[in-house]
Amino acid sequence: MEDFVTKKTTTPHVVIFPLPIQGPVNCMLKLAHLILSLSRATVSVTFLTTTSIHNRLVRHSNAAARLVHSYPNFRFETVSDGLVEHDDGDAQGALKLVESTIALERQAQEEGSKLRAVLGHGSAEPELMTPVTCVLADGFYGCMVDVAKELRVPLVYIETISPCGLWTYLCVPNMVRARDLPFQDDEEGLDASITSVPGMETYLRRRDLPSFCHAYDPNNPVIQLVLKEAQEFPKAQGHILNTFDELEGDYFAHIRALCPNLYNIGPLHLNLKSRIQQETTKSISNSLWQEDRSCLAWLDAQPPKSVLFVSIGSLASMTKDQLMEIWHGLINSKSRFLWVRRPGSIINKDEDTSQDDLEMIPDDLVEGTKKRGCIVSWAPQEEVLAHGAIGGFLTHCGWNSTLESIVEGVPMICWPFYVDQQVNSRVVSEVWKIGLDMNKDNCTRVVVEELIKELMETRRDEFSKRADKMAKLAAQAVAEDGSSYNSLNHLIDDIVSMRFSI
Ligand code: UDX
């Protein structure tokens, strides 16, 4: 306890430690900005990430440079995850993420490593060392509970996945005990209900569980990370969730029962926009790829609510066959579309296939795309979703994309790939009823065409009405005295006054 008392006499200093991928890096840079601004720069922030993520931020985004420029008490610290540098065309994103997480965890536990020095002192350079008064780490780094304890630093986890996804992760041991897991991963059985995830009994099916639950193997490295997360969750001093009270359902009380100190400060990007002067946040990008802003001019020329935005986020990839099914479905639906095809996101079996290699595209696809489509490699997504021409979002249901769509009142077609995306898509379609679920593996051109017509034409008003209502709730949550507004103040107060006890 002595060390901690000493730290109470120092100035507040947080180390923010995201997973090395777009969604979490994006969220946590926004959180860093909010902490610096709302604490009136009385809190020092060290942003700890991998060298390759930092290089990509420097190359493609302006947020990193702006924070460094505007706040003398903000710094980056970088470590290598020891893997081959990830580049912009990385196709095996999810696999690399797991390897990277394991490598970073190993370093965090290693006496004398640079990463451990940054977690305890903000730097490995003696002249830059200042005591860290709180570590804010991604909830997926299960080892951080022990590491922070050894370093005698309070730990608050930032949960960058959805709370509904998080709850299914936390319930994995319960599902095994109740024999809901493992199950035979055959089509007929996938509609069976899962009853051992309290609060979700009425709608959760096997097919809605995270991908690692299918073909469940306790020795799978992802399952091991998830089991560790479930075990360590209650031991952190608190959890920051990118959600707002009004969005959350029955299961949320169960999360709170495990750890009462929760900060629901989402939607984080909306909180940032509403709390920090518009001028400072305008056109700020945290992108790890170069944004192609020409799509905004293309959108300007389209009628209101006529365009379907299509994107599968920063990690997921589709096969060439899936690409052709989506493409035919889009063209046959006759809808206008803006499609993000991230470099490396199209694979052919195990081989990485660049978009340019796609041989022989049928004429009707080429012509239909020229008439009604726009394809870019990376878009300014928040601005795209806020554009009046957007009427729907075909999304992988990553949590940031889902929230960004909710904030703009844009209904969704959900095509989930892995982790929390399956359960997010179920909640979007079945609980909030602001979108349609592609039934996971059923991405055929006929299904795609039908869903687009349903969302953009036949049931458009019904979905828009519900989505608008939810967007209003999000806006109220971040407005003065709203639930997320107050929760963010509470978090900043706790950081400034170093109120976390270990
Ligand atoms: C990962 C997981 O896949 C997801 O399930 C989990 O909830 C968070 O981490 P990711 O693939 O990065 O997510 O998707 P998402 O969470 O949606 O984040 C993607 C981010 O990239 C969004 O903030 C989105 O605005 C941004 N983006 C995406 C762009 O800025 N431009 C694009 O063209 C596409």
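How many nonpolar, polar and charged residues are there in the lining of the second largest pocket? The lining has three nonpolar, nine polar and one charged residues. The structure discussed here is a predicted model.

**The second largest pocket**

The volume of the second largest pocket is about 160 Å³. It is lined by 13 residues, and those closest to its centre are His-13, Ser-44, Arg-75, Leu-128 and Thr-130.

**The ligand and its shell**

The ligand is surrounded by 23 residues. Ser-314, Ala-379, Ser-401, Asp-420 and Gln-421 are the closest of these. By class, the shell around the ligand consists of eight nonpolar, 13 polar and two charged residues.

| Residue | Atom of the residue | Atom of the ligand | Distance |
|---|---|---|---|
| Ser-314 | N or O atom in the side chain | oxygen | 2.5 Å |
| Ala-379 | polar backbone atom | nitrogen | 2.6 Å |
| Gln-421 | polar side-chain atom | oxygen | 2.6 Å |

On its own, the ligand has 660 Å² of accessible area, and the protein covers 97% of this.

**Backbone features in loops**

Most peptide bonds are trans, and most residues other than glycine have a negative phi. The following places in the model depart from this pattern.

One runs from Leu-181 to Pro-182, with omega near -10 degrees. Pro-182 belongs to the loop that joins helix H9 (172–177) and helix H10 (221–232). Another cis peptide bond runs from Gly-266 to Pro-267, and its omega is also near -10 degrees. Pro-267 is found in the loop between strand S7 (262–264) and helix H12 (268–275).

Lys-334 sits in the loop between helix H15 (320–333) and strand S10 (336–340).

Key:
Residues are numbered from 1 along each chain as its sequence is written. This is a predicted model: local features need pLDDT of at least 70, side-chain atom pairs count only at pLDDT 80 or more; totals for chains, interfaces and linings use all residues. Side-chain values use heavy atoms; hydrogens and water are left out. A residue is near a molecule or strand if one of its heavy atoms lies within 4 Å of it. A polar contact is a pair of N or O atoms within 3.5 Å; within protein, one must be able to donate a hydrogen and the other to accept it, and residues adjacent in sequence count only if both atoms are side-chain atoms. Accessible areas come from the Shrake-Rupley method with a 1.4 Å probe; for residues, only the protein chains shown count as cover. Ala, Val, Leu, Ile, Met, Phe, Trp, Tyr, Cys and Pro count as nonpolar, Asp, Glu, Lys and Arg as charged, and the others, Gly among them, as polar. On a 1 Å grid over the protein atoms alone, a cavity is a set of points where a 1.4 Å probe fits but cannot get out, and a pocket is an open set with protein on both sides within 12 Å along at least five of seven lines; lining residues have an atom within 4 Å of a point. Grid points are joined across faces, edges and corners, and a volume is the space filled by probe spheres set on the points. Helices (H or I, at least four residues) and strands (E, at least two) are DSSP runs, numbered from the N terminus.
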